[in-house]
Amino acid sequence: MKRTITLTVNGAPRQLTVEDHWLLSDVLREQLKLYGVREGCGTGVCGSCTVLVNGAPTASCLTLAARLDGARIETIEGLSQGPRLHPVQEAFLEERAFQCGYCTPGYILAVKALLEELPDADEEETKHYLAGNYCRCAGYQDILRAVQSARLKLAQPRAGATAS
Amino acid sequence: MAIDLEYSVIGKRVPRLDGLKKVTGRPIYTGDIELPGMLHAVLVRSPHPHARIVRVDKHRAERVPGVVAVVSGTDILNTPGVVDPWVGPVFKDQGILALDKARHIGDPVAAVVAESREAAEEARELVEVEYEPLPAVFDPVEACKPGAPLVHEVLRPSRAFADMAHVAEAGGTNICYHQKVRKGDVDAAFARADYIFEDIFTSPPAQHAPLEPHVTLAYIDEDDRITLWTATQSPSFVRVSTAGIFGVPLNRVRVIVPYLGAGYGSKLYAKLEPIAAYLAYITRRPVRIMLSRSEEFHIITKHQVVARYKLGVTKHGDIVAVEAENWWNTGAYAEIGPRVVHKSGYTSAGPYKFPNVKIDAYCVYTNNVPAGAFRGFGVPQVVWAYESMMDTAAHALGIDPLEFRLRHALDEGDEFATGTPMVSIGVKASLRKVAEAIGYTPPRPQRVPPGSGRVRGKAVACGVKAVLTPSISSAVVQMNADGSVTVLSSTVEMGQGSETALAQIAAEELGVPITKVRVHLPDTDVTPYDTITAGSRSTYHMGNAIRGAAKQIRDQLLAAAAEVLEANPADLVLRDERIYVRGAEERGLTIPQVFAAKLGALGTTLVGEHVFKTIADPLDHETGQSKKATEFWFSGATAAEVEVDTDTGQVQVLKFVAAADVGREVNPHHCEQQIAGAAILTLGLTFFEWMNVEQGQVTNASLLEYQLPSLKDVPPQLESVSVAVPHPDGPFGAKGVGESGTLSVQPTIANAIYNACGVRIRDLPITPEKVLRALHERARAHGAEVAPPAARQPAAVENAGATEVPE
């Protein structure tokens, strides 16, 4: 059955007509042309299609769009403000925590969620949180360094805010 | 080395040119490209491992709204314009779709093309195929026996590559390739050996699992040309292969390769391109075909191998003979199996000085999913066997396995098993590096009974691979009047960082910053021929091609500047975008000034072009002997410390060190990423990755059941080390690096487990069940015997015809 839903996608309200069985990944890619959402496994295992739904990292390849009326969706396309990168993107760039780049958008979004949810996660918690995102090129050491670097970047303004 | 100071870009941790794109999700991958009127295709796959296709009933499928065409093999055979429906890089044995019979479960027998993927998928269920099942064969050893069902009745060589020019037309056998090496006299050597060790090691089929699945978009352009956007590692082969299907000139096919969501060998040669091109040809509309993850398990795999090894050793610890007999399960289509068996076959004795060698490696058709190249081109499967054997023999003789390796390992000028003198070989250097980094001490394996808690062990292993030879890389380099540079190369950027590394080479040669260099991604309309992006060959081959092409521009610039400066070109330096007289830096010109002097108009260009072609002395068909088997060797060594839980069989890698002889690091960060990435990928294949295949049916064809290594599987300590034994002909001394980190991972782990608890695992992957079972079996065999003291008895049996290797 077709139904109309409203999603806030990367800050902008979008009204969409979707079939009940349509997947969020397909809707984002095919209707909204957000190609940073990458499908890797179709079973919610690899993490390539990760987007943030109301802030939570979500396998968009397993999520029905029709059930998300009113939800807030973030994709990689919404992360940077013009030429200004999000601190997590900056960290991935500086630590070169990417190779083929296919897992990178999902990874960056998962790290963003991790650092918002558990800003003080230790290495074990970090690994556990991110175990649902595969990098087949296995740049995991670089990714861990990028998480650490992003954590520091995000902590700085917070520390500043507390001080003022 | 003082010479390093002369390089401005080579050897530097230059940021990747694709970085900003990749962290913002902007790279365009093949599956992102949409064209107006684009159709979607899906494949109907055989449920039988071996069956004659009797009839394909398309009627119900054709009636599904949105379906544009349903095609079978028969339709392809009857299509005017298709002059050769058979493809394959070594043998033309695979139809665009199955043309006569289905040869494996998942073999595409029909295709549906529709306005939407949904419609195509709905119609796929309605295609009715009538099969006549045939006897099938799955085991590569069984498939070699007389009377085994024949997968192919005749074999026609495709002659696409010079290194495979020697394959013969054949029929009546499932053995599609046989690599032999005969050096010295193994029979006489075994007769005088004091000890003989013989064992069988197996490797299972596995998945490359790049996160981007296979995907191709084909269309017929406004000039009636066949254009393919495709996720391939071999654009030049795809072009010639597609042109061959339709019998059209090469310039009537255009192959464009965007960034690849990785390949690891899975996206080589022709995969979805033939059927996509065919569907575009008949519908005259753009057609996209993209595999689901479960279909990925039915297109290409890593070769399953059964490897029988026999070593003859004197009581003094000299290895006098090695014999290897290896069966490679290449599945239903040869694909690149013969090259895999050739390249790994002739290195099956390892990087050692062995006077007497006999190798037989068989590439065998079976009714399984085709197997191809997988990061390492088959070499990891033979290293698994020979490095396990090396430890077995060393322990039996009471010799330190590291010492045993160093004693036999090849040095510069030593002869390989093929009789080839070694040039630029870093095996010993790599072994010493990893041993030092792991804190190696000679192991004292204990017979630890199951249930004795956790025990630790350290071990090393090494391997060598020969780069594909002969092969060709061509490049065109264009410098613009402002000093910016465009490199035209068909090397595919699949994550390895070729775009950046090749730009570094061009920048170094032309004295410009890397930010002024742009490397064009493959597009056969503009980028010239390259054999393949695989086998750790691109830095060396494409690097040399680009360097050669850049040198032509450089020579032109220097000649023009010499005239203006009234200097000898040989006295000029090109660096930092200026040409100046050596020793008199103020006497110089900027690159734009040289262009102005030479050409005198805005926006002019200078172009250089170079074809870099390597040559081999083809291996003798009967003996495998060759004065020059390969253009270069690249070796790797690994060391591990593991902890084995003897209660559960669980093995944890505490520390892992991987070293690769890269010749020279063009970009140290890329080398680290390649070496560490290769190690992690191969640790997955060591412990938990394998395709479970029963009677040709893959039973774990999804990433839910086929697990890949995650962050949690990375050893707590993982170190990658570049060893630099420069190659005299490499660009700035560089060799290759993509595969080196994979070579010896698996036997390193098995050896470390042996050193920890005294059991030897011979069948990959090394699961807790196997370790625990081995511990229990060993305990049963030795009754209530308690682990012996540290000084062990030599375990080998005297040479009295016995072949069992006791623990």
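Reader: In which sense do β1(A) and β5(A) pair?

Author: This is a predicted model, in which local features need pLDDT of at least 70, side-chain atom pairs count only at pLDDT 80 or more, and totals for chains, interfaces and linings use all residues. Residues are numbered from 1 along each chain as its sequence is written, while chains are lettered from A and ligands numbered from 1 in the order in which they are written. Strands are DSSP runs (E, at least two residues), as helices are (H or I, at least four), numbered from the N terminus, and two strands pair if DSSP finds at least two bridges between them. Two bridges link β1(A) to β5 (residues 72-74) of chain A, and the sense is parallel.

Reader: Which residue of β5(A) is the bridge partner of Thr8(A)?

Author: Thr8(A) has its bridge partner in β5(A). That partner is Arg72(A).

Reader: Which helix gives the most to the side of chain B that touches chain A?

Author: Residues are in contact if their C-beta atoms, placed from the backbone, lie within 7 Å. The contact takes 37 residues from chain A and 39 residues from chain B. On the side of chain B, α1 (19-23) and α16 (668-687) each supply at least two residues. With six residues, the one that gives the most is α16(B).

Reader: Why is one side of β25(B) left without a neighbour in its sheet?

Author: Strands of a sheet pair through backbone hydrogen bonds, either parallel or antiparallel. In chain B, four strands form an open sheet of mixed pairing, in the order β25-β24-β23-β29. β25 (517-520) and β29 (605-613) of chain B stand at the edges, so one side of each lacks a neighbour in the sheet: each has a single partner strand.

Reader: Which residue of β25(B) is the bridge partner of Leu488(B)?

Author: β24 (residues 485-489) of chain B runs parallel to β25(B), joined by four bridges. In β25(B), the partner of Leu488(B) is His520(B).

Reader: What angle does α14(B) make with β29(B)?

Author: Axes are lines fitted to C-alpha atoms, for helices over the stretch in contact, and angles run from 0 to 180 degrees between N-to-C directions. Helix α14 (residues 538-565) of chain B packs on the sheet and touches β23 (472-480), β24 and β29 of chain B. Its direction and that of β29(B) make an angle of about 145°.

Reader: Are α13(B) and α14(B) roughly parallel or roughly perpendicular?

Author: The axes of α13 (residues 498-510) of chain B and α14(B) come within 9 Å and cross at roughly 30°. Angles under 35 degrees count as roughly parallel, over 145 as roughly antiparallel, 65 to 115 as roughly perpendicular and the rest as oblique. The two helices, α13(B) and α14(B), are therefore roughly parallel.

Reader: How is α15(B) placed against α14(B)?

Author: α15 (residues 591-598) of chain B packs against α14(B) at an angle of about 80°, with the axes 9 Å apart. The residues in contact include Leu557(B) and Val564(B) of α14(B), and Ile591(B) and Val594(B) of α15(B). At that angle, α14(B) and α15(B) are roughly perpendicular.

Reader: Is Val14(B) buried or exposed?

Author: A residue is buried if 20 or more other C-beta atoms lie within 10 Å of its own, exposed if 12 or fewer, and partly exposed in between, with C-beta atoms placed from the backbone. Val14(B) is found in the segment before α1 of chain B, and its contacts beyond four places in sequence include Thr500(B), Gln504(B) and Asn667(B). With 22 other C-beta atoms within 10 Å, Val14(B) is buried.

Reader: How many residues apart in sequence are Val14(B) and Ala501(B)?

Author: In space, C-alpha to C-alpha, Val14(B) and Ala501(B) are 8.7 Å apart. In sequence their separation is 487 residues.

Note on methods: Contact = placed C-beta atoms within 7 Å.
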